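Q: I'm new to this one and would like to go through it piece by piece. Can you put it up?

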Amino acid sequence: MSGTENQMTGAEIVLQALKDNGVEHIFGYPGGAVLPIYDEIFQQDEIEHILVRHEQGAGHMAEGYARSTGKVGVMLVTSGPGATNAVTPLQDALMDSIPLVCISGQVPTPLIGSDAFQECDTVGITRPCTKHNWLVKDVNELARIIHEAFRVAQSGRPGPVVVDIPKDIQFATGTYTPPSAVPTQKSYQPKTQGDLKKIEEAVALMKSARQPVIYSGGGVINSGPQASHFLRELVELTGFPITSTLMGLGAYPASGKNWLGMLGMHGTYEANMAMHDCDVMICIGARFDDRITGRLNAFSPNSKKIHIDIDPSSINKNVRVDIPIVGDVANVLEDMVRLWRAAAKTADKARLDDWWGSIAKWRARNSLAYTPSHDVIMPQYAIQRLYELTKDRDTYITTEVGQHQMWAAQFFGFEQPNRWMTSGGLGTMGYGFPAAVGVQVAHPESLVIDIAGDASIQMCIQEMSCAVQYGLPVKIFILNNQYMGMVRQWQQLLHGNRLSHSYTEAMPDFVKLAEAYGGVGIRCEKPGDLDDAIRRMIDTPAPVIFDCRVANLANCFPMIPSGKAHNEMLLPDEATDEAVANAIDAKGRQLV
Amino acid sequence: MSAHLQPTGSAYFIAKETELAETHTLSVLVDNEPGVLARVIGLFSGRGYNIESLTVSETEHEAHLSRITIVTRGTPHVLEQIKNQLERLVPVHRVVDLTVRAAGLGHDRPIERELALVKVHGSGEHRVEALRLADAFRASVIDANIEHFVFEITGKPSKIEQFIAIMKPLGLIEVCRTGIAAMNRGPQGM
């Protein structure tokens, strides 16, 4: 290439850099400070731009897109309010380790700091909610920064990054440098290979275990399909029971014989009891989050702990571990599987018989049981039916945040990774629907369902307009109980059943709402009608809002009440009104 | 089992700190790029860590490297987290806990030095006394007229504390301190 061929405007550089990083879709919203970039988007057709209705939607769409494909999600927003609206999805992506590149416009360089129209300190505001961010001050640096942004977003522990580009830089002409010609920043070189010595130690410990449990997390999904492959192989080889965090569902199939179900606050009894009583815990790509551990000083008191994580700061952060292994989950698991096979004395699976016997007893407690009804749709039943009617299809599930999210995690069986998109760390109501739109953009032929609550769905409902515009047949399956169910459940547990502002008195007519947007609305109120209604939803080649009226006062069990340990779960058959009211003591109430 | 619910803390479990807090000095080698200091101090404030002293300056101009020296206080567990969290920042090259390193080398603590400018009202009999004390502390006079002195003093933080305390009754006007610069003894670098 000659020198002049490499000369481009900043806006051209942005598009070229995106293309060179393999970007096919971006989610965005135009505004004054990004108009030059939008002008370039207009003049090309390699990258498809999805016009959202709110920048938060763009961020969650990019997250859903990223999580379902393993690629980097890209969003484009303008300065000021565009950037501040992006903060929620950025923090969401940071907490759930989702690779996201957010390109934001900024007021022209000479106006920075003058309180110009639609100015905000974007790099200042997004510094704590990104893995890294850049303000571009020289057009000749733009290409390098964008390439580096993609590298930082997807390498190591993935996360969101922001590239803030002042408008004058977008207009200015400079040199384009292709990704291969850009040196990487020396200070950021994440370690991806685990220390073999530590892995050997871990395998030796696992061979001697009599009550082991594998606790896997979102890191297995982030590491890519290879990681799930090796995880399954490891479970098969070792015969160990496996549980997973909310974020890790699908890495090991829910139909697998060693599957204990999800663990944590609303996890199964068998998963939490196994965590509590185990002698060796193998934590793979998870981070001992407070929703997982319960009371820390009673967390798995008698186990030796192995922790595989790509982020050294996750090690020993909440829970002290005995064998830390820093590296990419796929690489470490590959080594682990190889070393397990190579070990001269193969471990005797029979030594785990007693352990599996205990697990069978815990399983028999049937901790996900609920009282069925012929008159009203139980929310758990709705998820079960949705699962049964979609499991043979190419299905992707997203959720909002609340009771419906936990029921979806409990009752929907995930067989493959990257099929389950939910806001775990930040707990962002309003995540699920735009995330589903992003998933549908990436997988236009697949069935994409947002399992929602009636409160959460109203937080980003405006993206119906986007779904209709692009003919994205996303299905919104609302478990409508007219309450912010999880808020209400906690008020029942903690606040003497005083249901302060958790009841929605003016519920929109979701069927009419769907129609107003140009979608299809379906309402279902009787258990007997549910299957037909779900089939109708699946067969509708357009965005659908499914208003599933469920039992209003159902609560989500089992549950580790606040401040309790894994072996102090509140099980559904014990969750009488009185038990619920007294589950958390006064001290626990203050701290929740 | 839930039948025997015990009185406890919370799902946001707040552990009682049983470890004792220690003061450590960290050296952080960073790319000298815009916002890098904000990233470091934002990390401290955002995660609730303490900063007792902070100094920063470019140390290798060609390589655009700056060295940040932070004195922080926390339990060994927190100090380990601070180091790990700092290393996670993209422009951070290396983090060395000089206090831990010093212990490993068999030293009490790393070399820690601070510079202070101390302005003292100096007239009458206090004038001679201030000068005499400054001499004892090896502080040098860098500005003076018949009513004041400005002393420059370098040394361990404790020495500077002591000098300031002594100057107080003699008419201390103002003090400016650089914060601690530190490195380990011996031939190796950080």
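Q: Which loop of chain A does Pro558(A) lie in?
A: This is a predicted model. In it, Pro558(A) lies in the loop between β20 (544–549) and α23 (577–582) of chain A.

Q: What kind of peptide bond joins Phe557(A) and Pro558(A), cis or trans?
A: That bond is cis, with omega at about -5 degrees. For background, most peptide bonds are trans.

Q: OK, backbone angles then. What is phi of Asp115(A) near?
A: Phi of Asp115(A) is near 55 degrees, which is a positive value in a residue other than glycine. Asp115(A) sits in the loop between β5 and α6 (122–126) of chain A.

Q: Is Asp115(A) buried or exposed, and why?
A: Asp115(A) counts as exposed because it has 8 C-beta neighbours inside 10 Å. The cut-off for exposed is 12 or fewer.

Q: And Phe288(A), where is that found?
A: Phe288(A) is in the loop between β12 (280–284) and α13 (290–293) of chain A. Its phi is positive too, near 50 degrees.

Q: Buried or exposed for Phe288(A)?
A: Phe288(A) counts as buried, because 24 C-beta neighbours lie inside 10 Å. The cut-off for buried is 20 or more.

Q: Switching to sheets. In what order do the six strands of the open sheet in chain A run?
A: The order is β3-β2-β4-β5-β7-β6, and the pairing is parallel. The edge strands are β3 (48–51) and β6 (132–135) of chain A, each pairing on one side only. From one strand to the next, the twist averages 20 degrees.

Q: How many bridges are there between β2 and β3 of chain A?
A: Four bridges, in the parallel sense, pair strand β2 (residues 25–28) of chain A with β3(A). One residue pair to look at is His25(A), whose bridge partner in β3(A) is Glu48(A).

Q: Which strands does α3(A) lie across?
A: Helix α3(A) lies across β2, β3, β4 (73–77) and β5 (100–106) of chain A. Relative to β4(A), the helix runs at about 165 degrees.

Q: What span should α3(A) have, and why?
A: The helix covers residues 55–69 of chain A, and its 15 residues at 1.5 Å a residue should span 21 Å. Its end C-alpha atoms are 21 Å apart, which agrees.

Q: Now chain B. What domains does the assignment give?
A: Domain 1 of chain B is 22–104 and domain 2 is 111–183. Their centres, taken over C-alpha atoms, are 29 Å apart.

Q: How many residues are in contact between domain 1 and domain 2 of chain B?
A: Eight residues of domain 1 of chain B contact seven residues of domain 2 of chain B. On the domain 1 side, β1 (22–31), β2 (53–60) and β3 (65–74) of chain B each give two or more residues. The most comes from β2(B), with three residues. By class, that side of domain 1 has three nonpolar, five polar and no charged residues.

Q: Last one: which residues are buried in α2(B)?
A: They are Val78(B), Leu79(B), Ile82(B), Lys83(B), Gln85(B), Leu86(B) and Arg88(B). What covers the buried residues of α2(B) includes β1, α1 (36–46), β3 and β4 (92–97) of chain B.

Definitions and conventions: Residues numbered from 1 in each chain as written. Chains lettered and ligands numbered in written order. Predicted model: local features only at pLDDT ≥ 70, side-chain atom pairs only at ≥ 80, totals over all residues. Domains from an automatic or database assignment. Contact = placed C-beta atoms within 7 Å. Nonpolar A, V, L, I, M, F, W, Y, C, P; charged D, E, K, R; others polar. Expected span 1.5 Å × (residues − 1). Pairing = 2+ DSSP bridges. Axes fitted to C-alpha atoms, helices over the stretch in contact; angles between N-to-C directions.
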